[in-house]
Amino acid sequence: MTFLLKPKLHHPNLPTNALGLTRRDYEGSVSTLCAGCGHDSISAAIVHACFEMSLQPHRIAKMSGIGCSSKTPTYFLGASHGFNSVHGRMPSVLTGANLANKDLIYLGVSGDGDSASIGLGQFAHSIRRGVNMVYIVENNGVYGLTKGQFSATADRGAKSKRGVMNSDEAIDMVSMAMQLGATFVARSFSGDKAQLVPLIQAAISHQGAAFIDCISPCVAFNNHEGSTKSFDYVRAHNDAVNSLDVITGRDEIIVDYAPGTLEMVKQHDGSVLALRKLAADYDVHDRIAAQAWLSGRHAKGEIATGLLYVDLDPVDLHASLRTVDTPLNELDETVLCPGAAMLDRINASLR
Amino acid sequence: MQATDLRDPEYFHKVVDCQHACPAHTPVPEYIRLIADRKYADAYMINWKSNVFPGVLGRTCDRPCEPACRRGRVEDEPVAICRLKRVAADNKGDITGRMPRPAKTKNGRRIAMVGAGPASLTVARDLAPLGYDITVFDRDSRGGGMIRSQIPKFRLPEEVIDEEVGFIEGLGITTKYGISIDSLKSLMADGYDAVFVGTGAPRGRSLELPGRAEGAANIHIGIDWLSSVSFGHIEKIGRRVIVLGGGNTAMDCCRTARRLGGADVKVIVRSGFEEMKASPWEKDDAMREDIPIMNFLVPKSFVVEGGKLTGMTFEKVQAEYDAKGRRNLVPTGELDTYVECDDVLVAVGQENSFPWIEKDIGLEFDRWGMPVVNETTFQSTQPKVFFGGDAAFGPKNIIWAVAHGHQAAISIHKFCQGEDIAERPAPGVTLTSQKMGIHEWSYDNDISNDQRFAVPHRDKAEALADIKAEVELGYDEKLAFAEAQRCLNCDVQTVFAEPLCIECDACVDICPVDCISFTGNDDEAVLRTHLEAPAHNLTQDLYVSLPLKTGRIMAKDEDVCLHCGLCAERCPTGAWDMQRFIYDLTQAGGASCSR
Ligand SMILES: Cc1cc2nc3c(=O)[nH]c(=O)nc-3n(C[C@H](O)[C@H](O)[C@H](O)COP(=O)(O)OP(=O)(O)OC[C@H]3O[C@@H](n4cnc5c(N)ncnc54)[C@H](O)[C@@H]3O)c2cc1C
Ligand SMILES: Cc1ncc(C[n+]2csc(CCOP(=O)(O)OP(=O)(O)O)c2C)c(N)n1
Ligand code: SF4
Ligand code: SF4
Ligand code: SF4
Ligand SMILES: [Mg+2]
């Protein structure tokens, strides 16, 4: 961390986006996390993604739980809405907010402790309900904020900083998300912005439950030899299935890859995902095959990253509930409370 | 691209833009920090050692450092380096105890200096403490050269000159003022071991146009007129004055005329306003004193009626550019302009003149009448004779005269010791970590967001009423502190240690100006295009590391680095460190120029 505010001065050629904003306009206050924390890189990736997509900061809501990871929304998108909930409750609070105002972009930011331990049930239900959101788990394999106890995503056999072995089986949140019906599932690494930024952009454009498991080394408690979430370990075992470019409506589509290796995936909102295959026989649309692939890689000790699964026809919670088009928070009392006569009619219809 | 070799002292020297641009390589950020600390005497001494005339230069320097200042690339205006120097001089208190003493024993070598301008005085300052027996000649009655004879007192008070010229005169040198040297041959015959020629460029150009002879009584050569004013021989001028020329001399002429009775003073230039040679701040100062600058007017004739100058005619021109982009001034074809006046001041350039140097003493002149002088050693083709200042390569300015003086002093010293003068002493360089604690540095790394502070001026009416009243009042301590805080401490360098870096990106993410990139290596030209922010400023280097674990390199664009140290604060492994780089230009006798 640093105690100084980041100076206002910026590069003289700092680009602006369609809204006339610079990347710096998407930053938050200065991070108080440990120097070198992977979470800070993820914050920077979110800043990059939102800037490049020219998102209006005030149309974004950042929701989080408790943990170092859950503190990060303070450090990006300073002009957006934010809610720091209690431990493990981010998914429910986000679901509620989304029901009340479906027009905002929801960024759920959580940790492996927040989402795989105390919040596991909340995580599961928000995914299976198909809440339209980006759910990012900043996964460091430990409870960083409480000084580095193993979390539920720590691999069996991984060693703590003091040399103690983890004997419990790890929860793989990617597999769970797929199994629970997430319509967009990806895994990435905080140390690889080239991969992470487009994945965040694609997840934001995805109109359903989008889940990103982002491995994010904890430099203070989990970046040592014997850890499976360290910079060195992840770099050595990273096995990307594809790489991605997100082409929004404004950009011209230029394809410069060898034929057969590039797949253009059009999402509902009009954005196009240009997917360059790195693993030739990997199909991002086949959930069952993807799950098998993931277990295969996991058994070999490899970490599969990239866009792992996408459903081009997501159904979100509002569609399932058939809510009205107008966000509920914009409906006035006369619509929301149609009065005693209406209640009588409804009751009568149920008798 | 090759990894950067930090053992080359020039690498980090170039990063300290101001110091690099200063001809005397004054350690600017070092003295600015001392000013912020209110250690004015220390700040003064650092300046004094490097540039010899801090009080003078803090008011008059041409400031090549300021256009080079990094702050000017991240904001509208550079740090007011020059006017901060003045603050050190104004507040230094009594520093006589810190001045070198006259040498106790002489080394038996006698050196003559012709001219007592800044070039000669610098040579004298550097050599006197080493025991040289120095005699300085000047035809003026007092020392200082054009600092005294030309620069108007409302820009540079006499006491400031007296004090700083006095420091040198107090080093046990002999001054022979009021003596014009008219033969180099006979001077050399006096048996000097070496002669330094610092006679400046003393001749003002005239303008031969119809009416010149008839109107002569009211047509004055600018620099002659200014020195007559300086020495009190002229105290008045006509009500309507035309000043011809667009350089700094013209600016001094017009402002002086405003104080000697010139109510209607105009500057008239051939070129466009933008191309004028005068520094922008000199033009501003003139216009602030209600002096209009009329451009694209080529002088055609002096109009004299009844034996008295009544005005001048000018041809109207415009700038046209030929295929090669060269500018030509071509007549517009409009009627000539007639401007009425009582006096004309001609400030259209200065020339060297060496009528007193014989042609048969082995001292070669080129076809423009300039002595052939080595640009590094300042030696002429007559080994015992050295040149410096305006006399060496034509009119420049004070700080160049000082820089020449230092180098000539080194040469004269080596020459007298029988050493090879072509071999120049290396600068003294050190690099020291500034880390005091986890987020503590021994310099203030919090970046000020303030814009440049203006120097307060004396009330205009009051200033115009008294030719000796200094116009600029200087920064007070508060303003000086605030302005000093704008300095980015460019001498505190970002130093990268490859083996420590874990490529976590923390430094990339925090850097406020997108200096740092981790990327595949490539040729410099290509590398410059695929950094976090493209590095278009080719005058600024890329700092490139050896390959890292992932095979990538760290590439840092030095261009707009704020030296804020946030990269080093964010680095979990200490791969970045902030280290103060000291670059000491070595002076005669091995003395380093600062601290
Ligand atoms: C009007 C005007 C304003 C200026 N303002 C500035 C300014 O604001 N800032 C700046 O940096 N520069 C300024 N300059 C330029 C600056 O004054 C000179 O570049 C600088 O003084 C040159 O120093 P020097 O030591 O080479 O010689 P000079 O300062 O020119 O000194 C030469 C001395 O040699 C003496 N001399 C010459 N021939 C003989 C001889 N044969 N015998 C004995 N003595 C002799 C002269 O009397 C003179 O005193 C200005 C110049 C002019 C004309
Ligand atoms: C209800 C409750 N139980 C326990 C805690 C203590 N606690 C704070 S943060 C945390 C774990 C955070 O881990 P993770 O979500 O992985 O975040 P990280 O700090 O690793 O980013 C725990 C258990 C708490 N704040 N609230
Ligand atoms: S910011 Fe300070 S150190 Fe940097 S170039 Fe300007 S004056 Fe020199
Ligand atoms: S000191 Fe470091 S963080 Fe600050 S501007 Fe320079 S490279 Fe960037
Ligand atoms: S912060 Fe330090 S360890 Fe991290 S990338 Fe920068 S230099 Fe390397
Ligand atoms: Mg964690």
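At what angle do the axes of helix α3 and helix α5 of chain A cross? I looked that up first.

**Ground rules.** I'm working on a predicted model, so I keep local features only at pLDDT of at least 70 and side-chain atom pairs at pLDDT 80 or more, while totals for chains, interfaces and linings use all residues. Residues count from 1 along each chain as its sequence is written, chains are lettered from A and ligands numbered from 1 in written order, and side-chain values use heavy atoms, without hydrogens and water.

**Chain A helices.** The axes of α3 (residues 90-100) and α5 (residues 120-129) cross at roughly 35 degrees and come within 7 Å. Axes are lines fitted to C-alpha atoms over the stretch in contact, with angles from 0 to 180 degrees between N-to-C directions; helices are DSSP runs (H or I, at least four residues) numbered from the N terminus. I find Pro91(A), Ser92(A) and Thr95(A) of α3(A) against Gln122(A), Phe123(A) and Ser126(A) of α5(A) (contact: heavy atoms within 4.5 Å). That contact has 2 nonpolar, 4 polar and no charged residues.

**Ligand 1.** I get 33 residues around ligand 1, with Thr60(B) and Asp390(B) among the closest (a heavy atom within 4 Å). A ligand nitrogen sits 2.6 Å from a backbone N or O atom of Thr60(B), and a ligand oxygen sits 2.8 Å from a polar backbone atom of Met146(B) (polar contact with the ligand: N or O atoms within 3.5 Å). Ligand 1 lies between domain 1 (99-202 + 352-416) and domain 2 (205-348) of chain B, because both give residues to its shell; the bounds come from an automatic or database domain assignment.

Definitions and conventions:
Polar contact = N/O pair within 3.5 Å; in protein donor to acceptor, adjacent residues only side chain to side chain. Helix = DSSP H or I, 4+ residues; strand = E, 2+ residues; numbered from the N terminus. Nonpolar A, V, L, I, M, F, W, Y, C, P; charged D, E, K, R; others polar.
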